[in-house]
Amino acid sequence: VDGSTETCQISGRITANLTLTNDKLWALDGPVFVGGDNTDSAILTIDAGAKIYGSSGGDYLVVSRGSKIEAVGTADAPITFTSKQDILGETQGSGQWGGMVLLGNGISNKCPSEGDCALQVEGVTSGGVFGGNDNADNSGTLKYVVVKNAGYEVAPDNELNGVTFAGVGSGTTVDYLQVHANADDGVEFFGGAVNVKHLVLTGNKDDSVDW
């Protein structure tokens, strides 16, 4: 897309382990799901320095219950999720692509008192199910990750957050995460027990942190 770096497109549902390397650009095409709902589990590994972008509000990444994202950047080579406009050097703004959603098996006070829990997360049109009874659940790692220009309004008053943590458990590592210029909240938590350190939230249009 920038004329010098190969671009690979990712679409649909990832059902086998996949690594996104830093020698290419990675374009999200529509809703991209990692794994099925506690089935066809997969690990999405992202190398330090890799760039992933969306071209429209319908482009977003969902890590399903039972699957993981292992996005481990460094201070010198963070992993960046951003808009196509940013990649092209064009005018950037909020809501230029969707965002990131992590779905876990953690506890929510909206889960039923008996039986399985399957709550629908906001911002995902279909298949965004979270909740359960495992607050130690592990959705992987976000470390030295930047999320920019996201937060598309999928329906009136229903926007995607920069990063949504829904039922995400304490086995997940989140450290050195920045969300910049999101149209809705920077990060929002729905249940779960994930711990977050070194969280930087800049220029977001709604709450910086919501839960």
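How many nonpolar, polar and charged residues are in the lining of the largest pocket? In this predicted model, the lining has five nonpolar, four polar and two charged residues. The pocket itself holds about 200 Å³ of space. If you want to find it on screen, pick out Ser108, Asn109 and Lys110, then Leu119, Gln120, Val121 and Glu122, and finally Phe130, Phe189, Phe190 and Gly191. Two elements give two or more residues to that lining: strand E10 (119–120) and strand E17 (187–190).

Now for the packing. Nonpolar side chains tend to be buried together in soluble globular proteins. Here the largest nonpolar core has 35 residues, and the ones with the most contacts inside it are Ile46, Ile69, Phe81, Leu142, Val147 and Phe165. Strand E3 (residues 25–34) is the top contributor to this core, giving four residues. There's also a second, separate core of 13 residues, with Tyr60, Val101, Leu119 and Val121 among them. Leu119 and Val121 turn up in the pocket lining too.

Take a closer look at Phe165. Leaving aside residues up to four places away in sequence, Phe165 touches Leu102, Leu142, Val174, Leu177, Val187, Glu188, Phe189, Phe190 and Val194. Of these partners, Phe189 and Phe190 also line the largest pocket.

Last stop: Gly115, which sits in the loop between strand E9 (100–103) and E10. Is Gly115 buried or exposed? Its relative accessibility is 67%, so Gly115 counts as exposed. Gly115 and Gly132 are 17 residues apart in sequence, and their C-alpha atoms are 9.5 Å apart in space.

Notes:
Residues numbered from 1 in each chain as written. Predicted model: local features only at pLDDT ≥ 70, side-chain atom pairs only at ≥ 80, totals over all residues. Heavy atoms only, no water. 1 Å grid on protein atoms, 1.4 Å probe; cavity = no way out; pocket = protein on both sides within 12 Å on 5 of 7 lines; lining within 4 Å. Points joined across faces, edges and corners; volume = space filled by probe spheres on them. Nonpolar A, V, L, I, M, F, W, Y, C, P; charged D, E, K, R; others polar. Core = buried A, V, L, I, M, F, W, Y, C linked by side-chain atoms within 4.5 Å. Buried < 20%, exposed > 50% of the residue type's maximum accessible area, 1.4 Å probe, protein only. Contact = heavy atoms within 4.5 Å.
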